[in-house]
Amino acid sequence: MNIVENIEVFSKDLANLNQKYTRNCKLLAVSKTKSEELILEAYQEGLRDFGENKAQEMQGKYENLPKDISWHFIGHLQRNKVKYIASFVDTIHAVDSLRLLQEINKQAQKYDRIINCFLQVYIAQEATKFGLSFQETEEILESEELKTYKNISIKGFMGMATFTDNQEQIREEFKSLQNFYEETKEKYQSDNVQLKELSMGMSNDYEIAIEQGSTMIRIGTAIFGKRNYTK
Ligand SMILES: *Cc1c(COP(=O)(O)O)cnc(C)c1O
């Protein structure tokens, strides 16, 4: 497994897909469970955006790695863990409640910074996935409470398709989020809400995600190889 080669191949593939679908989709390298050495190799290939899903693991990596890395938190985040990442995290991709937003705002305020947030919208037919319904998402965007959160900025939505080989199902799920995004991005605009990002697509479904308007794909396996959770 050779990261340098993987990144070269993947970057070409992404450039081709962006051309094919006239997109400008960005790559977020998902480095969860991977060593700092491997992240440094990817960094040396020019990657600067990395995604993690454990707060303390991300904090450790942040401390040891170059400071021009943008750290994205991509997993389900518990409120009592926000404090570990609030001083440095660039974007939190999977915000699924107003209470979590309130805590992110509170922790960001301590460091006098603004944390970018994506609302995670539930589009899959799998009970195991987290996220908000379209209606719950709009309730958050409309809430008076949200207007008082000066230290967060809602930048878009994140969605995960069902883990399946059925390409049509994946396409329909991504399309539903793309439609919702198109409907809402003009409707909700305020000091802390500017919807311009759609975080969707992983190693197994990124082509369909780009076709359906993704602006940021979250890629782990295709760059870093399979994850070993037993270590
Ligand atoms: C692990 C993970 C990814 C990356 O998955 P791969 O299939 O390895 O590309 C993307 N998004 C989220 C939310 C993840 O947890």
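1. Helices (H or I, at least four residues) and strands (E, at least two) are DSSP runs, numbered from the N terminus.

2. A word on the basis: this is a predicted model, in which local features need pLDDT of at least 70 and side-chain atom pairs count only at pLDDT 80 or more, while totals for chains, interfaces and linings use all residues. Residues are numbered from 1 along each chain as its sequence is written, and side-chain values use heavy atoms, with hydrogens and water left out.

3. The space in the largest pocket comes to about 610 Å³. A pocket here is an open set of points on a 1 Å grid over the protein atoms alone, where a 1.4 Å probe fits, with protein on both sides within 12 Å along at least five of seven lines; lining residues have an atom within 4 Å of a point. A volume is the space filled by probe spheres set on the points.

4. By class, the lining of the largest pocket has twelve nonpolar, eleven polar and seven charged residues. Ala, Val, Leu, Ile, Met, Phe, Trp, Tyr, Cys and Pro count as nonpolar, Asp, Glu, Lys and Arg as charged, and the others, Gly among them, as polar.

5. Where does the ligand sit? The ligand sits in the largest pocket, meaning that more than half of its atoms lie within 2 Å of the pocket's grid points. Residues around the ligand (a heavy atom within 4 Å) include Lys32, Ile74, Met160, Met202 and Ser203. This shell divides into six nonpolar, three polar and three charged residues.

6. Thr221 has a polar side-chain atom 2.5 Å from an oxygen atom of the ligand. For Arg227, a side-chain N or O atom is 2.8 Å from a ligand oxygen atom. Arg218 places a polar side-chain atom 2.8 Å from a nitrogen atom of the ligand. The protein buries 90% of the 390 Å² that the ligand exposes when taken alone (Shrake-Rupley method, 1.4 Å probe).

7. The second largest pocket holds about 310 Å³ of space. Its lining has 18 residues, with Lys26, Leu27, Leu28, Asp49 and Met216 nearest the centre. Strand S1 gives the largest share, four residues.

Methods:
Polar contact = N/O pair within 3.5 Å; in protein donor to acceptor, adjacent residues only side chain to side chain.
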